[in-house]
Amino acid sequence: MGVEGKSGSAGTITLPLEKAVNWARTGAMWPMLFGLACCAIEMMSAQAADYDMSRFGMELMRGSPRQSDLMIVAGRVSRKMAPVLRRLYDQMPEPKWVLSMGDCASCSGVFNNYALVQGVDEVVPVDVYVAGCPPRPEALIHGILRLHEKVRQEPLTDWI
Amino acid sequence: MGTLEQATELVTRELGDNVLELTTFRGETTISLKAKAITMAAKLLRDDPALNFNFLAMLTAVDYYPQEPRFIVAYRLYSLPNNLYLGLQVPVSGKQPELPSIESVYPSANWHEREVWDMFGINFVGSHDQRRILMPHDWEGHPLRKDYPLGYEEVQFTFNFDEIDKRKPYAKE
Amino acid sequence: MTAFPAEDQIPEELRPLLSERAQTGETIVLNMGPQHPSTHGVLRLILELDGERIINCIPDIGFLHTGIEKNMEAKTYEKALVMTDRTDYLNNLGNNLTYCLAIEKLVELDVPVRGQAIRVIMVELQRIASHLVWLGTHALDLAAQSVFLYCFREREVILDLFELCSGARMMTSYIRPGGVWRDLPPDFEPALRAFMKDLPRRLDQYEAILTKNPLWLDRTVGISPLDADTALAQGLTGPVLRACGVPFDLRRAQPYSGYEQYDFEIPTADNGDVYDRYVVRMQEMRQSLRIIEQAIADLPTGLFRSDNRKFVPPPRSELGHSMEAVIHHFKLWTEGFRAPHGSVYAATESPRGVLGCYLVGDGGPNPYRVHFRTPSFAALQALPVMAKGHLVADLVAIISSLDPVLGDTDR
């Protein structure tokens, strides 16, 4: 809004700028290590040599939320863990995205009971949901590529 | 070398009328005791040189609401030298659910007892640490009791999708 | 990790557990939080440190508590099997087996010999897969990152084998009451033999990288040595206990599913430190391979699942021409089979230790109470005893040598 407003008819400047910025954001989107349960093992398999996620820019999994862009919630979120999840999400700097991996994160999966948060979108806003219990590494990579497509279409919002 | 007969005979001899019942089901022997005798029974079984039940395999509870006695706390002891399993059971009432802790005999009982406290509300007297272990520390209620609801949430199908969607607490940002 | 240096910053519920030196700020209280690269899951540790030395370590678990035990009470016996896959998510088939053994003990159901042999093959493959993940993450914690990639490459082969049999890589639910879900496909045996030929060479390669490596030895030898009595009193079993010199393995002591016919050794070591646990687990992988070789060499023919139709649903091919099959199918999939009153305890040897299932039946189709006695729960309870006096960097090695799986601990 800000940049476009100031440059008047700035479609010719901001459109390629938008594309460049979004391309850069998808180029090296580092996920935060947030493996909770079984989906974490499939996430580790996706990171390992057979289904390499480094090809898509996710070379490292950063332990610290301050240095990561993407939070892959891999696994079931219990009610004890939910405040921790929210706190870590708040500690991530903008721009940030959330990918809810697996059935337990998306809708609590097999476990419809007192102990789990019924879907992590009750705690953090989710961009992409990947279904499966656990999703195959290829499914996770598909989810990440869809997220990249979504990011490429994001408009340039108060970027100043 | 000890045998199960020696173990049951030792317990019945030493504890007398604190032993309520002796059962065998599917090849497993279980001695049912009164609550106040459990620590002494565990100590006897562990310290006896022939029997040597040196490993606490399991400690848990079962809720038989609304029967009285409401809870049964079940133990399984294992003797490594003799390769024997022995079960102990203590019926605990629902109005005042407490019994002595066997932490002094088996240090590994502490977390199991904390879990039983957390899930059932059974107080272990003499335990040095009786906090919640699996639920958040300020949770109310004891989840595995039979009168505690499962917490089942209504499933979102196509016919009720929108109405559940409206009242589900989504995080907006 | 946040540190609480001042007295008023220590949370109320932790105050009674910490020593007086922590209250005055003489020692640091450090929170090694639930999200951490080296805690093998969502484990929270509250450490009281004097410089870098650990004075006390308080584990706080429950961040993955899923209410599995209560949820299983609401499902029938066979439908609740699905949940057992997800307790210890690195030992899915082992959990299935433990639960099925408890059910079979309770209802007195026999498993045919082919079913037992297939179960043994699957559980031993699962043991190798679990130890590979352990080795990969243990090495990763101690900064040998390439071993992680190698181990996961081997694991992919095992997961392909599981997918061949059951359709799923991890949550297979392949072992069901009465036997296994369906027979081994014809291309399973060649794939398994290719894997068995390949694995010893690869294990030799991993041992060549690590076993005599001075960096590895420096970081693992002498860290938290345990003697057998302390280990037993703390409730530790499995490779940790065997590394202390106690040759206790439930597959030998209380054999189940036909283990008495297989010839294998129980590896032990002397000191019980982190290095010895590594050595024991590497040997265990080789022994598992030996068991699989024996099992697949003379795999019995016959039924793979019991044909007692009161408990086991009939195959779909029979439904076309047998009325009894239709009735049994209907009864078993709507209401489920009923188990008698009584309680049983069945235990198996999981890659982490003794895994027990306590099952109470009440005459109905749902289990009245299911409790899993899990090895990781006992192992984490012993962590304060093991970590006292060591450095924080050693704590990372100790935790990963215990091989805790938080799904197993919290259920």
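In chain B, take the contacts between residues at least 6 apart in sequence: 54% of them join residues at least 24 apart (two residues are in contact if their C-beta atoms, placed from the backbone, lie within 7 Å). Keep in mind that this is a predicted model, where local features need pLDDT of at least 70, side-chain atom pairs count only at pLDDT 80 or more, and totals for chains, interfaces and linings use all residues. Residues are numbered from 1 along each chain as its sequence is written, while chains are lettered from A and ligands numbered from 1 in the order in which they are written.

**Chain B overall**

- Chain B has four helices and seven strands (DSSP runs numbered from the N terminus, with helices being H or I of at least four residues and strands E of at least two).
- Read from the N terminus, the order in chain B is α-β-β-α-β-β-β-β-α-β-α.
- Chain B is more spread out than a compact globule, because its radius of gyration is 21 Å, well over the 16 Å that the globule rule gives for 173 residues (the radius is taken over C-alpha atoms, and the rule is 2.2 Å times the number of residues to the power 0.38).
- The C-alpha trace of chain B spans about 70 × 35 × 35 Å along its principal axes.
- As for burial, 36% of the 173 residues of chain B count as buried (20 or more other C-beta atoms within 10 Å of a residue's own, with C-beta atoms placed from the backbone).

**Where B meets C**

- Chain B puts 26 residues into the contact, and chain C puts in 33 residues.
- On the chain B side, the elements giving two or more residues are β3 (55-63), β4 (71-79) and α3 (109-120).
- β3(B) gives the most to that side, with six residues.
- Sorted by class, the side of chain B that touches chain C holds 17 nonpolar, six polar and three charged residues (Ala, Val, Leu, Ile, Met, Phe, Trp, Tyr, Cys and Pro count as nonpolar, Asp, Glu, Lys and Arg as charged, and the others, Gly among them, as polar).

- A:Glu94 and A:Pro95 are joined by a cis peptide bond with omega about -10°, and A:Pro95 sits in the loop between α4 (82-91) and β3 (97-101) of chain A.
- Another cis peptide bond links B:Tyr65 and B:Pro66, with omega about 0°; B:Pro66 is in the loop between β3 and β4 of chain B.
- C:Ser257 isn't a glycine, yet has a positive phi of about 55°; it is in the loop between α11 (250-253) and α12 (274-297) of chain C, and is buried, with 21 other C-beta atoms within 10 Å.
- C:Arg411, also not a glycine, has a positive phi near 45°; this residue is in the segment after α17 (406-410) of chain C and is buried, with 27 other C-beta atoms within 10 Å.

Terms used: Buried ≥ 20, exposed ≤ 12 C-beta atoms within 10 Å, placed from the backbone.
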